[in-house]
Amino acid sequence: MRSISLPKSMLAAALGVVVVLVGFGAQNATADQTSVSTVATTSDDAETRFLEMADLISQICAPEVSSGVDSVASASVADTTAAEPTPDSTLPVLVDPVALTAAEECAAQRHQLRISRAFSEIDTATYAEMRDKLTSLKYPAARIHRMPDFSGEPVARLDLRVGAEHLALEVTDINNGVMVEAFGAPEGVSVTEVRLERQVDPPTS
């Protein structure tokens, strides 16, 4: 059996191509890993900033030790009842909102106020504009969920739950501002699956 021998110059050139290709592949792999790492870090930073804000608000709204026990217990019962699926149904199961505790109501008012002020005199014509504005207010993109438009205006829901809390918000664009509604989302249920009663027309002022 004959063996094929290459001149040294051709062999060196071939090895050079292999080395270049291997190096290029390594650079691509490193670039991909860096990109994924950057996205993950950005997401983690956004969540950290939100948790710091939520913790500050919860400290301000913290109830006395003796209060809030009954409301928490009733919310837990509502969670169990609301999240039960309908047998043999392939459609998404919508659940009723649960009651918010006094501390959650207080936190809701503070979130509503800061969002309403930030959107004052601003017309967010698209969901993307609304989402970008909300992320600039320290609400992570992972906690912002798109909902069907209402009267042609974008709607988003914010999942503000931390631990066993239930607080969520629905933000609807209106003329030169937004309407912000607070509600309680049961544990283990997406905020998009909570059934809310709509007003016939959004307020104009």
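Which residue in strand 2 does Met147 stand opposite? In this predicted model, the residue facing Met147 is Val155 of strand 2.

Four strands make up an open sheet in the order 1-2-3-4, and their pairing is antiparallel. Strand 1 and strand 4 are the edge strands, each of them pairing on one side only. From one strand to the next, the twist averages 25 degrees.

| Strand pair | Sense | Bridges |
|---|---|---|
| Strand 1 (residues 144-150) and strand 2 | antiparallel | five bridges |
| Strand 2 and strand 3 (residues 167-174) | antiparallel | five bridges |
| Strand 3 and strand 4 | antiparallel | eight bridges |

Strand 1 and strand 2 form a hairpin, with two residues lying between them. If you look at that turn, you will find Ser151 with a positive phi of about 55 degrees.

How much of strand 2 is buried? Six of the seven residues in strand 2 (residues 153-159) are buried, so this strand is largely enclosed by the rest of the structure.

## Glu170, a buried residue of strand 3

Glu170 has its place in strand 3. Is Glu170 buried or exposed? With a relative accessibility of 3%, Glu170 counts as buried, because buried means under 20% relative accessible area. What does its side chain meet there? The side chain of Glu170 makes a polar contact of 2.6 Å with the side chain of Arg157.

Leaving aside residues up to four places away in sequence, the residues that Glu170 touches include Val155, Ala156 and Arg157. Val155 is also the residue that stands opposite Met147. Further contacts of Glu170, with the sequence neighbours again left out, include Met179, Val180, Glu181 and Phe183, as well as Leu196 and Arg198.

## Thr124, between two helices

Now for a loop residue. Thr124 is found in the loop between helix 3 (102-118) and helix 4 (127-136). Thr124 is buried, with a relative accessible area of 3%. Its side chain is joined to that of Asp173 by a polar contact of 2.8 Å.

Not counting residues up to four places away in sequence, Thr124 touches Phe119, Glu129, Met130, Pro154 and Asp173.

## Val189, after strand 4

The last stop is Val189, which is found in the segment after strand 4 (177-184). Val189 counts as buried, at 6% relative accessibility. How far apart in space are Val189 and Leu94? Their C-alpha atoms are 9.2 Å apart, while the two residues are 95 residues apart in sequence.

Methods. Residues numbered from 1 in each chain as written. Predicted model: local features only at pLDDT ≥ 70, side-chain atom pairs only at ≥ 80, totals over all residues. Heavy atoms only, no water. Buried < 20%, exposed > 50% of the residue type's maximum accessible area, 1.4 Å probe, protein only. Pairing = 2+ DSSP bridges. Polar contact = N/O pair within 3.5 Å; in protein donor to acceptor, adjacent residues only side chain to side chain. Contact = heavy atoms within 4.5 Å. Axes fitted to C-alpha atoms, helices over the stretch in contact; angles between N-to-C directions.
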